[in-house]
Amino acid sequence: MSTQSILKTENLRKVYRNGRKRVCALSAVTLELQAGETFAVLGPNGAGKTTLVKILLNLIRADSGKAFILGHPVSHPFARRTLGYVPEDLSLPNFPSGAGFLRFLGRLSGIAERQLESRIHELLAQTELHNVNQPLKKFSKGMKRRLSLAQAFLHRPDLLILDEPTDGLDPIERQRVLKLLVEHRDKGGTILLCSHLLTEVETLCDRYAILDGGKMVHAGTRRDFDADGYQITLTSTLKPELQSRLPNGCELKAEDGTQYLLVKGKALLPEVMTLLRELGVEFGEVLPNRTHLDALFLRYIERSSTENR
């Protein structure tokens with residue numbers, strides 16, 4: 001490749017052993033992220049997502065395979081310095097204040113004192129954390145999540161790893177967190193996201209992979225669930241003798257007494273709309289015809305379950 005990968009794994013395998021019992025948590029998982037990409041790892045509980053994250057953070061070691069961050073093995077100190085991490089389970093220490101917590105972590109990261117104070121002020125404004133001069137034990141769950149994001153952003157990481165970043169948050173806090181992540185992505189940040197909220201993945205991600213039983217059962221891009229055509233709602237009936245006039249790339253369907261015309265591709269839409277007017281067929285809404293990620297997710301999980309029976 002012409003540019004260096006931010007993250008790369010090659011055939012990662014991890015087996016957990018408990019006496020004679022063996023559970024394969026990861027099997028031959030290979031993926032690659034370039035700078036500026038947002039990549040989602042999806043899967044049901046027990047799919048291997050957490051094991052993958054722990055290997056990337058060097059908290060556990062793979063039994064075989066390799067993992068690199070900016071060309072360095074994940075065990076190398078340089079690789080760990082380039083990471084920002086937001087865990088699913090927020091267990092923040094009981095610091096006297098949020099600013100003090102960030103100040104402590106900034107000093108551990110080696111950020112110069114003058115730069116650190118400016119950076120903390122910037123992040124508190126960005127994350128909308130205003131009442132931070134109170135003990136962390138008094139922070140709401142949403143405030144803790146935003147503080148956790150602030151600490152992950154603090155040293156300007158090359159790669160941000162997020163494990164269920166909006167889990168358990170109310171809709172208002174979820175939108176605040178998503179806004180921060182979209183801003184980070186739009187500024188060129190690189191994100192690896194583990195989430196079970198598929199609408200978030202549709203909003204944020206360029207590419208995704210689905211894990212099941214430790215295996216990568218599918219990998220795709222947002223084109224998989226972007227609009228791949230249009231659906232025209234017909235308000236008058238398209239009679240059978242007129243249906244033969246429709247060009248290739250059109251499909252007529254009926255549901256609850258209403259006819260819908262599915263048009264494949266954007267280029268064909270003006271021609272079809274003109275034809276309908278010529279035929280005297282009235283129509284109403286013209287909407288993008290999308291394949292939602294939840295449908296793709298269920299399709300590949302069900303296929304994987306069938307193959308593994």
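In this predicted model, helix α3, which spans residues 98–108, packs with helix α5, residues 141–153, at an angle of about 25°, and the axes of the two helices lie 10 Å apart. Because angles under 35 degrees count as roughly parallel, α3 is described as roughly parallel to α5. The crossing in which α3 passes α5 is right-handed. On the side of α3, the residues that make the contact are Gly98, Phe101, Leu102 and Leu105, and on the side of α5 they are Leu147, Ala150 and Gln151. Sorted by class, this contact of α3 with α5 holds 5 nonpolar and 2 polar residues, and no charged ones.

Helix α9, residues 269–278, can be read in terms of burial, for Leu269, Val272, Met273, Leu275 and Leu276 are buried in this helix. Viewed down the axis of α9, these buried residues fall within an arc of 160°, so they line one face of the helix.

What, then, covers the buried residues of α9? The cover includes the strands β11 (229–234), β12 (250–255), β13 (258–264) and β14 (283–288). After α9 comes glycine 280, which has a positive phi, near 75°.

Methods:
Residues numbered from 1 in each chain as written. Predicted model: local features only at pLDDT ≥ 70, side-chain atom pairs only at ≥ 80, totals over all residues. Heavy atoms only, no water. Axes fitted to C-alpha atoms, helices over the stretch in contact; angles between N-to-C directions. Helix = DSSP H or I, 4+ residues; strand = E, 2+ residues; numbered from the N terminus. Parallel < 35°, antiparallel > 145°, perpendicular 65-115°, else oblique. Left-handed = near helix turned anticlockwise from the far one by under 90°. Contact = heavy atoms within 4.5 Å. Nonpolar A, V, L, I, M, F, W, Y, C, P; charged D, E, K, R; others polar. Buried < 20%, exposed > 50% of the residue type's maximum accessible area, 1.4 Å probe, protein only. Arc of directions from axis to C-beta.
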